[in-house]
Amino acid sequence: MIDTSDVLVIVPIFNEINNINFVVRDLSKWFENIIFIDDGSTDNSSELIQKLGFKSIKHLLNLGQGAALESGFEYFLKTKDYKYAVTFDGDGQNRAIDAFNMINLAKNDNLDAVIGSRFLTNEYLPEIPYFKRFVLKIASLYEYLFYSIDFTDAHNGLRVLKRDLIRDFLLPINNHDMAHASEISYKICKSNCIYKEFPVRVKYNNKKTQNSLNSINILIKNLFKPFNN
Amino acid sequence: MPITGKLIFILIIFIMYSLSFVLSRNTSVRAIEKLFLTFFSISLIGAIVFSNQVWILLPRMLQVNAGSDSVLYLFIIVSTSFNLIILRKFMEIENKLNKVIQRLSLNEIKEAKD
């Protein structure tokens, strides 16, 4: 089994008290360094994380997932010399085994980034709701046309990112809401780093997953908040 | 309004949008933005005070009729520009507030470690 002592898993959460136990159990099987970024939860998520013996950074107010990831990245760069960061959704829709396999790929192929994608294999396609699939395809096309982002999955929260890439290209994250995903993809594509996409499975049984119509908010926000500004 | 007038109108709005959101916010861009806004604000007042008698040149330049047409035209430009600038300011303030909260959170975990 590959060594994951140089990997930090960053898990942004917001009112995920019902999912934390599952996420912790799943991640602990594969990773030893996990940090939760509590983005202003009001349901005692932080207390539960501490009770389970994990570290957490707590934002006083809800700033958005982009801000939570940015705090996670800053912690990642400032503390122990981790080589890779994994971004993992706190609502339990990602699978730790996918993250582990992505780390494996990044280390074996010496990649700077591995990005999860729901659309690389037909195996998991039926699990994605039709409307979500449609919106994600439109979003991918939009990102390709306007930002030259050539990822097959526009907004996938599961990523493996190398230290240098985060330090030199990804920070600071200007979009603190869900538009951060497009910004991160844009910066990865513009950085000339070596990256690959990896087929991942996303579970949709959680009602708290992102609303598809939020893509309209993101699209309009992009008009007023360019990624490179 | 002739087609050239409409194009000039769209161009002015686009310039204000670019100054506020597309170009990087250095001193020159801020200065040009303020100049634009001051010019159109003064023009708006001028279009009311000196509507038909004196204020002829600007409506002719903008391809719009003098009087109430030019007042409405300039009012839309000035209010849209103000809105764009205020939106930009709000975003900057939101970003600064976020940074403060992030710093506090990161310092807290550092202190806890110490």
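Chain A has 8 helices and 7 strands; chain B has 4 helices and 0 strands. Helices (H or I, at least four residues) and strands (E, at least two) are DSSP runs, numbered from the N terminus. This is a predicted model, in which local features need pLDDT of at least 70, side-chain atom pairs count only at pLDDT 80 or more, and totals for chains, interfaces and linings use all residues. Residues are numbered from 1 along each chain as its sequence is written, chains are lettered from A and ligands numbered from 1 in the order in which they are written, and side-chain values use heavy atoms, without hydrogens and water.

**Chain A: overall form**

- The C-alpha trace of chain A spans about 45 × 40 × 40 Å along its principal axes.
- Of the 229 residues in chain A, 62% count as buried. Buried means under 20% relative accessible area, exposed over 50%, and partly exposed in between (1.4 Å probe, protein chains only).
- Chain A exposes about 10,000 Å², with 55% supplied by carbon and sulfur atoms. Accessible areas come from the Shrake-Rupley method with a 1.4 Å probe; for residues, only the protein chains shown count as cover.
- Chain A carries 27 positive and 27 negative side chains, and the centres of the two sets lie 2 Å apart. Lys and Arg count as positive, Asp and Glu as negative; His and the chain ends are not counted. Each charge is placed at NZ of Lys, CZ of Arg, CG of Asp or CD of Glu.

**Chain A: helix α1**

- Helix α1 covers residues 20–28, and its buried residues are Ile20(A), Val23(A), Val24(A), Asp26(A) and Leu27(A).
- These buried residues pack against β1 (7–13), β2 (34–38), α2 (45–51) and α4 (96–108) of chain A.

**Chain A: backbone features**

- Most residues other than glycine have a negative phi, and most peptide bonds are trans.
- The peptide bond from Leu171(A) to Pro172(A) is cis, with omega near -5 degrees. Pro172(A) sits in the loop between α6 (163–170) and α7 (180–190).
- Asn44(A) is not a glycine, yet its phi is positive, near 65 degrees. It lies in the loop between β2 and α2 and is partly exposed at 47% relative accessibility.
- Ser148(A) also is not a glycine and has a positive phi of about 55 degrees. It belongs to the loop between α5 (130–147) and β6 (159–162) and is partly exposed, at 43% relative accessible area.

**Chain B: overall form**

- The elements of chain B run α-α-α-α from the N terminus. Its radius of gyration is 21 Å, well over the 13 Å from the globule rule for 114 residues, so chain B is more spread out than a compact globule.
- The C-alpha trace of chain B spans about 75 × 25 × 20 Å along its principal axes.
- Buried residues make up 35% of the 114 residues in chain B.
- Chain B exposes about 7,200 Å², 71% of it from carbon and sulfur atoms.
- Chain B has 12 positive and 7 negative charges, with mean positions 9 Å apart.

- Leu44(B) lies in helix α2 (residues 27–49) and is buried, at 14% relative accessibility. Leu44(B) touches Val71(B), Leu74(B), Phe75(B) and Val78(B), leaving aside residues up to four places away in sequence.
- Phe50(B) lies in the loop between α2 and α3 (57–61) and is partly exposed at 40% relative accessibility. Phe50(B) and Glu33(B) are 17 residues apart in sequence and 25 Å apart in space, C-alpha to C-alpha.

**The interface**

- The contact takes 25 residues from chain A and 21 residues from chain B.
- The two chains bury about 1,900 Å² between them, 57% of it on carbon and sulfur atoms. Buried area is the accessible area (1.4 Å probe) that two parts lose on being put together, summed over both.
- In chain B, Gln102(B), Leu106(B) and Ile109(B) lose the most area to chain A, together 27% of what that side buries.
- Ser56(A), in strand β3 (residues 55–58), is buried at 13% relative accessible area. Its contacts include Ile109(B), along with Ile35(A), Phe36(A), Ser46(A), Ile49(A) and Gln50(A), not counting residues up to four places away in sequence.

Note on methods. Contact = heavy atoms within 4.5 Å. Rg over C-alpha atoms; globule rule 2.2 N^0.38 Å.
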